[in-house]
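Reader: I have a structure open and would like to talk it through with you. Could you put it up so that we can start with how its helices pack?

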Amino acid sequence: MLNPFKEPLEPSFSLAERLAGLTSVSACYQCKKCSSGCPLTFAMDFPPDQVIRLALLGQDAAVLGCRTIWVCSGCETCTTRCPNQIDIAGVMDWLKEEAIFSGQASPQPGVTRFHQTFLDTVLMAGGRLSEPLLLGLYQWRRGGTLEKLKSGALMADLRMAWELARRRRLVPRLPHRLKGVEEIKAMFKKSHFYEKNEKPGTQEKP
Ligand code: SF4
Ligand code: SF4
């Protein structure tokens, strides 16, 4: 991955301009309150404040190719701590979508696939998360189902799913459809990813 701290800076401000048009991100004064509260910095390559800074400096390749945007769980701790009310969690989500849309290879392909499968599942289930659909579709997309069947790992997964369902940690049925399902579909359609692809998941990367 490009290291913006070692390699010459070649800014491309299109991403920075679009981001600044969507959020108050340019108000960031690098106080690092977001990063000091983030529970996942140990797994990130750049802390959240640096992602914001790199985005503002037009370092598209570094930002869209970093692990941080995929490691972010969207817990919103950073957003609630920011003294400038910058929606950092929202920025991370937006950057995920930008990375997929721009065809940027993900340094966390498993997480990227899970993210896309999660969104596809919400769309397919009419606006709500369906855990059985998510688990089944994710297993299918990550491949290796036959190998897992042969090795017994699939049975172990199914036993765990059964145990989770028994303890009411997994709901083994499709959720009720929401009344505003058409609005939800319209929201998905507005996003880059679903705008470009009529069928969900067609831009998935290995
Ligand atoms: S908390 Fe807000 S102002 Fe401070 S570094 Fe993070 S984004 Fe910037
Ligand atoms: S939303 Fe993401 S970046 Fe913000 S604190 Fe949570 S994990 Fe960290």
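This is a predicted model: local features need pLDDT of at least 70, side-chain atom pairs count only at pLDDT 80 or more; totals for chains, interfaces and linings use all residues.

Reader: Which hand does the crossing of α8 and α9 have?

Author: The crossing of these two helices is right-handed.

Reader: And which residues of α8 and α9 meet there?

Author: From α8, the residues are Arg113, Phe114, Thr117, Phe118, Asp120, Thr121 and Met124. They meet Leu133, Leu134, Leu137, Tyr138, Arg141 and Arg142 in α9. By class, this contact has seven nonpolar, two polar and four charged residues.

Reader: Let us step back to the fold. How many helices and strands does the protein chain have?

Author: The secondary structure comes to 13 helices and zero strands. Buried residues make up 26% of the 206 residues in the protein chain. Among contacts between residues at least 6 apart in sequence, 65% join residues at least 24 apart.

Reader: Why is α3 described as largely enclosed by the rest of the structure?

Author: Eight of the nine residues of α3 are buried, so the helix is largely enclosed by the rest of the structure. The buried residues are Pro48, Asp49, Gln50, Val51, Ile52, Leu54, Ala55 and Leu56.

Reader: What covers the buried residues of α3?

Author: The cover includes α1 (13–22), α2, α4 (60–64), α5 (68–71), α6 and α7. After α3 comes Gly58, which has a positive phi, near 75°.

Reader: Now the ligands. Which residues are closest to ligand 1?

Author: The closest are Cys28, Cys31, Cys34, Asp49 and Cys82, from a total of 15 residues that surround ligand 1. Two or more residues of this shell come from each of α2 (33–37) and α3 (48–56). Asp49 is also one of the buried residues of α3. By class, the shell around ligand 1 divides into nine nonpolar, two polar and four charged residues.

Reader: What about ligand 2: how many residues surround it, and which are the closest?

Author: Ligand 2 is surrounded by 13 residues, and the closest are Cys38, Cys72, Cys75, Cys78 and Ala89. Both α6 (77–81) and α7 (88–101) supply at least two residues of this shell. The helix that gives the most is α7, with three residues. Nine residues of the shell around ligand 2 are nonpolar, three are polar and one is charged.

Reader: Is Gln85 buried or exposed?

Author: Gln85 is exposed, because 10 other C-beta atoms lie within 10 Å, and a residue with 12 or fewer counts as exposed. Arg168, also not a glycine, has a positive phi of about 60°. Arg168 lies in the loop between α11 (153–166) and α12 (181–190). With 7 other C-beta atoms within 10 Å, Arg168 is exposed.

Reader: One last item: where is Gly144?

Author: Gly144 is in the loop between α9 and α10 (145–151). With 11 C-beta neighbours inside 10 Å, Gly144 counts as exposed. Gly144 and Leu154 are 10 residues apart along the chain, and their C-alpha atoms are separated by 9.9 Å.

Methods
Residues are numbered from 1 along each chain as its sequence is written. Chains are lettered from A and ligands numbered from 1 in the order in which they are written. A residue is near a molecule or strand if its C-beta atom, placed from the backbone, lies within 6 Å of it. Helices (H or I, at least four residues) and strands (E, at least two) are DSSP runs, numbered from the N terminus. Ala, Val, Leu, Ile, Met, Phe, Trp, Tyr, Cys and Pro count as nonpolar, Asp, Glu, Lys and Arg as charged, and the others, Gly among them, as polar. A crossing is left-handed if the near helix is turned anticlockwise from the far one by less than a right angle, and right-handed if clockwise. Two residues are in contact if their C-beta atoms, placed from the backbone, lie within 7 Å. A residue is buried if 20 or more other C-beta atoms lie within 10 Å of its own, exposed if 12 or fewer, and partly exposed in between; C-beta atoms are placed from the backbone.
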